[in-house]
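Please look over the sequence and the model below, and keep both at hand while reading the paragraphs that follow.

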Amino acid sequence: MSEALPSRVRVVEVGPRDGLQNEPRALGVAERIQLCKTLIASGVQHLEVGSFVSPRWVPQMAGTAEVLAGLGRPPGVVRSVLVPNMQGFEAALATGVDEIAVFAAASEGFSERNINCSIAESLARFVPVVEGARAAGIRVRGYVSCVLGCPYDGAIAPDQVASVTRELLELGCAEVSLGDTIGVGTPGRTRALWQRVGREVPLGRLAGHFHDTYGQALANVYASLLEGIAVFDSSVAGLGGCPYARGASGNVASEDLVYLLDGLGLATGVDLARLVEAGQDVSALLGRSNQSRVGRARAARAVD
Ligand code: HMG
Ligand code: MG
């Protein structure tokens with residue numbers, strides 16, 4: 001167990017994908033491009049732009065190729081997309097994206113509902129995807145969902161998380177993000193999870209991905225920092241939810257994450273004021289309230 005905080009933290013902005021994929025109102029291509037551009041202008045350097053999944057399953061992500069085309073290649077920015085299979089990979093490859101992310105789960109129930117196959121089948125499907133990406137010089141990220149609980153299978157054994165994580169790294173993923181998909185984790189269980197997974201793989205290759213359903217996401221980030229984790233996924237304005245878990249809320253809000261990290265003196269390269277503006281803009285566009293506490297507080301101050 002480490003108590004020293006990392007000196008620099010990388011924030012992976014997943015709002016245009018994890019956030020928008022779960023919003024009842026689908027944004028158009030031009031609106032999605034605008035959101036990505038505003039996020040990049042605020043200093044975001046690692047951006048999940050969308051996904052190449054079945055539009056029947058996730059209609060909000062249709063048009064990701066057009067979003068990437070409109071975004072171009074902003075210097076210094078890693079543009080990432082989710083792909084579930086070779087069909088998605090071929091589509092991603094044609095766009096010249098910088099990174100793809102394959103996504104597995106720690107629970108069989110979630111794997112079946114999310115990608116219509118078992119965990120073992122999903123890992124087998126990823127083999128040619130990862131090989132193809134690496135041959136093309138594209139970085140590969142992996143995800144493991146439901147690491148702290150599953151809406152179908154309930155409690156998840158940390159051993160199971162460790163095993164799927166190791167398999168994704170062995171497949172060739174550069175980094176694996178562990179997702180508390182339904183936001184049920186607490187800091188104690190989060191620390192215990194990192195300690196268990198850290199016995200199996202280097203913690204420096206892992207990222208934390210916390211949803212905020214029970215209001216524990218920031219506390220879980222802090223618990224993860226204490227364990228040496230230095231990469232976190234977050235979503236501007238706390239966008240999103242989980243279509244497979246009623247009542248589940250979006251990712252930890254990027255504004256809240258950056259405020260926490262700024263307060264700890266940990267550099268992220270992201271300008272909080274500009275990020276808050278991006279969060280306000282997209283919340284207005286979606287006709288929903290801003291789920292970022294920092295975003296709401298700053299916005300209220302701006303109009304005082
Ligand atoms: P399937 O129905 O088993 O696929 O779905 P299939 O291979 O039998 O094909 C059926 C149809 O889908 C065919 O079309 C294919 O062409 C099409 P048809 O002939 O019927 O017209 N298809 C595709 N279309 C576009 N892009 C593709 C693709 N593949 C097949 N890549 C599949 C399997 C994986 C496609 C489906 O289940 C799917 O798209 N699932 C995506 C689910 C998803 O995106 N979930 C959200 C992301 S995961 C997440 O949010 C968690 C995370 O944030 C971390 C966390 O919080 O824990 C990452
Ligand atoms: Mg997620």
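Which residues lie on one side of β6 and which on the other, and are they buried or exposed? In this predicted model, E175, S177 and G179 are on one side of β6 and V176, L178 and D180 on the other, and all are buried, where buried means under 20% relative accessible area and exposed over 50%, with partly exposed in between (1.4 Å probe, protein chains only). In a regular strand the side chains alternate between the two faces of the sheet. Strand β6 covers residues 175-180, and six of its six residues are buried.

Strand β5 (residues 139-145) runs parallel to β6 and is joined to it by four bridges; two strands pair if DSSP finds at least two bridges between them. Within this pairing, G142 stands opposite V176 in β6.

Turning to the whole protein chain, there are 12 helices and eight strands, these being DSSP runs (helices H or I, at least four residues; strands E, at least two) numbered from the N terminus. The radius of gyration of the protein chain is 18 Å, close to the 19 Å that the globule rule gives for 304 residues, so the chain is as compact as a globular protein of that length; the radius is taken over C-alpha atoms, and the rule is 2.2 Å times the number of residues to the power 0.38. Of the 304 residues, 55% count as buried.

Residues are numbered from 1 along each chain as its sequence is written, and chains are lettered from A and ligands numbered from 1 in the order in which they are written. Local features need pLDDT of at least 70, side-chain atom pairs count only at pLDDT 80 or more, and totals for chains, interfaces and linings use all residues, while side-chain values use heavy atoms, with hydrogens and water left out.
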